[in-house]
Amino acid sequence: MSKRVFYFLGVLLVLGVLLAACGGGQASSGGPEAVKTVIVTVEAPSSGGSNTAAGYGTTLKTVKDRGYLICGVNAQLPGFGYVDDQGNYKGFDVDYCHAVAAAIFGDPSKVEFRPLTAKERFTALQTGEIDVLIRNTTWTLTRDTDLGTNFAATTFYDGQGILVRKDSGITKLEDLNGAKICVATGTTTELNLADQMAARGIDYTPVVFETADQVFGAYEEGRCDAVTTDKSGLVSRRVTLKNPDDHIILDATLSKEPLGPVVRQGDDQWYDIINWVVFATFTGEEMGINSKNVDDVKAKTDDPNVKKLLGLEGEMGQKLGLGDDWAYNVIKYVGNYAEIYERNLGPGTPFNLPRGLNSSWKDGGLLYAPPIR
Amino acid sequence: MMNREPEQYSSGEVLAPPTERYTVLGWLKKNLFSTWYYTLLTLVTLYILYIVLKPTLIWVFTQAQWQVVVVNLRLFMVGQYPTDQIFRIWVALHLLAFTAGLAWAIWLPRARRIGAFLLFIPLALAALPFISGFSRINWIIFAVAALIGWGLGTWKPKAMRRPLLVLLLAYFPILILLILGIEPILKIVKTNLWGGLLLTMLLAVVGITVSFPLGILLALGRRSELPIVKLFSILYIEIIRGVPLVTVLFMAQLMLPLFLPPQIKIDNVLRAMAGIILFSAAYMAENVRGGLQAIPKGQSEAAWALGLSGFQTTFFIILPQALRNVIPVLVNQFISLFKDTSLVAIVGLLDLLGIASTVLAQPEFIGKQREVYLFIALIYWVFSYAMSYASRRLEVALGVGER
C-alpha cells in the first residue's frame with residue numbers, strides 16, 4: 001500500500017476524533033468575556049491529595065470559584081427528586097441542595113443538579129464530580145468508613161414498613177402470622193423482613209418479585225396479604241392503587257433508614273457547612289421562623305438565640321466560612337424543615353405522609369439541632 | 001449516499017409486464033380464504049386479534065389519561081433544554097428539511113413517497129391539537145423549507161449538486177454548534193440540560209456517524225498485512241465484542257474518572273458518547289469485514305493490473321462494492337445502536353427513557369407507567385421503522401439483491 005493510504009487514514013482518524021470532540025463539548029458557564037467551551041474541564045488544583053480526600057476548605061473554595069454548587073440527586077424518586085413539566089428539579093432532597101446554595105451564595109438557584117443512579121452515586125462524590133450527594137442515601141457504618149465519605153445530619157428518618165388492606169383487620173406485625181407478604185428480591189428489604197419476623201417468631205410466606213412494579217401489581221391483584229418496602233416508598237405507591245384509602249401502613253417499623261446528605265472525607269469545613277444548613281432548617285422550625293415571617297422576625301426580635309441564627313450577632317456564618325446571613329438565606333429562600341416537608345410530602349401532596357419520626361423533638365420526633373451559638 | 005444518475009433510456013419506453021389485479025373480494029379469496037384450512041387459520045387469527053386488540057384500543061382511547069404526555073411533551077422532546085433557546089433545535093431541523101428536499105429533487109426525482117413524507121408529516125404534526133403555537137408554526141416552516149429545497153433542486157439540479165454535498169458534510173458540525181452554542185453568538189447550553197429525544201438522537205447520530213468510519217478503518221486494519229495494525233485491530237474488536245455495552249458505559253462513567261487526575265473532569269454526556277462509539281465501531285468493523293470478504297480477489301487483482309494504487313483499489317473498487325453488500329447489516333446495526341442509547345438511562349443521563357422515569361416521579365402523574373412507556377415505545381418504533389424503510393429504499397436504488 002502506498003504512503004497516501006496512511007495519510008488518508010490518518011486524516012480520517014483525526015476527523016473522527018474531532019467529530020467526537022465536537023459532539024460532546026462541555027461548556028463551563030461561560031461569561032460573556034470568555035469562550036470556555038471545553039470537553040475536559042480542568043479545575044484549579046485545589047487539593048494535592050488523591051481522588052477521595054479533599055483538603056480542609058477546598059470544597060467551599062472550588063464551589064465559590066465555580067459560582068455554583070453541583071448537587072448529586074435522584075431524578076426519579078417521587079417526593080424526593082424529579083423533574084417537573086417545566087424542566088425544573090423538585091423534591092425534598094432537591095430543596096436541600098437549594099438550601100446549601102442559598103447559604104453559600106444567598107441565591108438558591110445557583111445549583112446544578114446531577115442525576116445519579118444508586119450505583120454511581122458514591123463514585124461521583126469520590127471523584128469530585130459533585131460537591132454534595134443528597135440522594136436518599138442510608139447512613140451505615142460501612143458506607144461511612146469504607147467509601148471515604150461522611151454523612152451529615154439526617155434529613156429524613158425512613159424505615160421499612162408494611163402495607164395491608166384495611167378490611168383485613170391486620171393492625172400489628174403479630175397479626176401477619178400465616179400471611180403471604182410481597183417483597184422485592186435481592187434487597188435489604190427482603191432480609192430485614194426475614195430477620196424481624198424470625199425474631200418475633202412469626203410464620204409467613206414471602207412472595208418475591210424482581211421489581212417494585214411487579215411487587216405492587218401482585219399485591220393489588222390480591223396475591224398477597226401485605227407488601228413491604230421503605231415507608232416513603234409505600235406512601236408513594238399507595239397513591240397509585242385503585243382505592244388508596246382502602247389500604248393502611250402499619251405503625252411497626254422493620255428497619256432504620258436514616259437518609260441525609262453525604263460529603264467527601266477530609267474537608268471538615270464543608271462537612272460543617274452541610275451539617276449546619278440542615279440544623280438551620282431544624283432550628284427555624286423550633287423557633288417558629290419560616291420563609292414568610294423571617295423578615296418580620298429579623299426586624300423585631302430581641303431574642304439573642306434568634307439574632308445569632310439570623311446573623312444579627314455572634315458572627316456565626318464567618319465561623320463556617322460563609323456570610324453571617326447564611327441561615328437567614330436558607331430560611332428565607334427555601335424555608336424551615338416543616339415547610340420543606342409540607343411542600344414535598346405533606347397533606348397538600350398526593351403522599352400525605354405523616355411526620356412521625358421526622359417531627360421536631362418538641363413534638364416527640366427525632367429532629368434535634370445543636371444550639372447555634 | 002444515493003448519488004447515482006437516474007437511468008436514462010435513449011430508446012423507446014419499455015413496457016412493464018402486466019400485473020395481476022383483483023377486486024377486494026378476489027384478493028380476500030385468494031389470500032385469506034383459498035382453502036378450508038386457510039379459512040380456519042384466518043378466522044382464528046382474526047379472533048385472537050379481536051380479543052387482544054379490543055381491550056387495548058378501548059384502553060388507549062377511553063381509559064388512558066394522556067395528560068401526562070401532553071403536559072410533559074417538551075420534556076420528552078428536548079429534556080431541560082432552555083425554553084428560550086429551543087428555536088436553535090428548530091433551525092437545525094429546518095436546515096435538515098431543506099437538505100432533504102434538495103437531496104430528494106436531485107437524487108430521487110421520481111420517489112414521490114419521500115416528498116409525501118417531507119411535506120405531509122410535518123403538516124400533520126402541525127395539525128395536532130395539543131402542541132404549542134410555536135411548534136405549529138415551526139412544523140409549517142419545516143414543510144416550507146423542504147419545499148424550497150425541492151424547488152431549488154428541481155430548478156437547477158446540476159448546479160445544486162455541489163452545495164448539497166457541502167451541506168451534507170457540514171450539517172453535522174453545524175448541528176452540534178447550534179445545539180451546544182458558541183459564545184458570544186449563541187448562549188452555551190451545557191450538556192447536562194440536554195435530554196429526552198434530543199439526547200437520544202444526538203447519541204445515536206454521533207454514534208453512527210463516528211463509529212462508521214472508525215469501523216471501516218478497523219475492518220481494513222484487520223485485513224491489513226501490517227502485523228501491528230492487524231494485531232491492534234483484532235485485539236480491539238475482540239475485547240470490545242466480549243464486553244456488554246452496559247459494562248462499557250459503566251466503565252466510562254465510573255472507572256474513567258477514578259483513573260484521571262482529580263482536576264480533570266470529562267463531561268459525562270461525552271463519556272457516554274465515547275462509550276457508544278467505541279462499542280459500535282467494533283461491531284461495525286465486523287459487518288464491513290463481512291462485506292470485504294465477499295468481494296472476489298479478481299476485483300483487486302484487476303484493479304492492480306489497471307495500475308491503480310492500493311489506496312485507489314481500496315476506496316474506489318473494493319469498499320463501494322463491499323459496503324453496498326452490507327447495507328442491511330449496517331442499518332440493522334444503526335437501529336440497534338439507536339435503541340441501545342436507552343442504556344445511558346442507567347448511568348444517570350436523562351435520555352428519552354431517563355426522562356420517562358423522571359416524569360413518572362412527578363407527584364401528579366404517579367402510576368402512569370402504561371401511558372408513558374407506550375408513548376416512548378411509539379417514538380422508538382417510528383424512528384426505527386423510518387430507518388428500516390429508508391434502507392429498503394436505498395437497497396432498491398442501489399440494486400442490492402438483484403444480482
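Visitor: What joins strand 4 (residues 69-73) of chain A to strand 8 of chain A, and how do the two run?
Guide: Welcome! This is a predicted model. Five bridges join strand 4 of chain A to strand 8 of chain A, and the two run parallel. Two strands pair if there are at least two bridges between them, and here there are five, so these strands count as paired. One example is A:Ile70, whose bridge partner in strand 8 of chain A is A:Glu112.

Visitor: Why is strand 8 of chain A said to be largely enclosed by the rest of the structure?
Guide: Because four of its five residues are buried. A:Arg114 lies in this strand, which covers residues 111-115 of chain A.

Visitor: How do you know whether A:Arg114 is buried or exposed?
Guide: Buried requires 20 or more other C-beta atoms within 10 Å. A:Arg114 has 21 of them, so it is buried. Across chain A, 44% of the 373 residues count as buried.

Visitor: Which residues is A:Arg114 in contact with, leaving aside its neighbours within four places in sequence?
Guide: Among them are A:Ile70, A:Cys71 and A:Gly72, and also B:Asn192 from chain B. A:Ile130 is another of these contacts. The C-alpha atoms of A:Arg114 and A:Ile130 are separated by 7.4 Å, with the two residues 16 apart along the chain.

Visitor: What makes A:Cys97 and A:Val100 stand out in the largest nonpolar core?
Guide: They touch the most other members of that core, which holds 168 residues. Its largest share, 16 residues, comes from helix 12 (residues 268-293) of chain B. A separate, second core has 16 residues, including B:Trp139 and B:Trp150.

Visitor: Which residues does A:Val100 contact, leaving aside its neighbours within four places in sequence?
Guide: A:Val100 is in contact with A:Leu69, A:Val132, A:Ile274 and A:Val277.

Visitor: How is chain A divided into domains?
Guide: Domain 1 takes in 58-157 + 258-363, while domain 2 is 160-255. Taken over C-alpha atoms, the centres of the two domains of chain A are 31 Å apart. Five residues of domain 1 of chain A are in contact with four residues of domain 2 of chain A. On the domain 1 side that touches domain 2, four residues are nonpolar, one is polar and none is charged.

Visitor: In which order do the five strands of the open sheet in chain A lie?
Guide: The order is 14-13-15-12-16, with mixed pairing.

Visitor: Why are strand 14 (205-209) and strand 16 (247-249) of chain A called edge strands?
Guide: Each of these strands pairs on one side only. On average, neighbouring strands of this sheet are turned by 30 degrees against each other, direction ignored.

Visitor: In which sense do strand 12 (residues 160-165) and strand 15 (residues 226-230) of chain A pair?
Guide: They pair in the antiparallel sense, over five bridges. A:Ile162 stands opposite A:Thr228 in strand 15 of chain A.

Visitor: Which strands do helix 6 (residues 188-200) and helix 8 (residues 231-238) of chain A lie across?
Guide: Helix 6 of chain A lies across strands 12, 13, 14 and 15 of chain A, running at about 145 degrees to strand 13 of chain A. Helix 8 of chain A lies across strands 12, 15 and 16 of chain A, at about 125 degrees to strand 15 of chain A.

Conventions:
Residues are numbered from 1 along each chain as its sequence is written. Chains are lettered from A and ligands numbered from 1 in the order in which they are written. This is a predicted model: local features need pLDDT of at least 70, side-chain atom pairs count only at pLDDT 80 or more; totals for chains, interfaces and linings use all residues. Domain bounds come from an automatic or database domain assignment. Two residues are in contact if their C-beta atoms, placed from the backbone, lie within 7 Å. Ala, Val, Leu, Ile, Met, Phe, Trp, Tyr, Cys and Pro count as nonpolar, Asp, Glu, Lys and Arg as charged, and the others, Gly among them, as polar. A nonpolar core is a set of buried Ala, Val, Leu, Ile, Met, Phe, Trp, Tyr and Cys residues joined through C-beta atoms within 7 Å. A residue is buried if 20 or more other C-beta atoms lie within 10 Å of its own, exposed if 12 or fewer, and partly exposed in between; C-beta atoms are placed from the backbone. Axes are lines fitted to C-alpha atoms, for helices over the stretch in contact, and angles run from 0 to 180 degrees between N-to-C directions.
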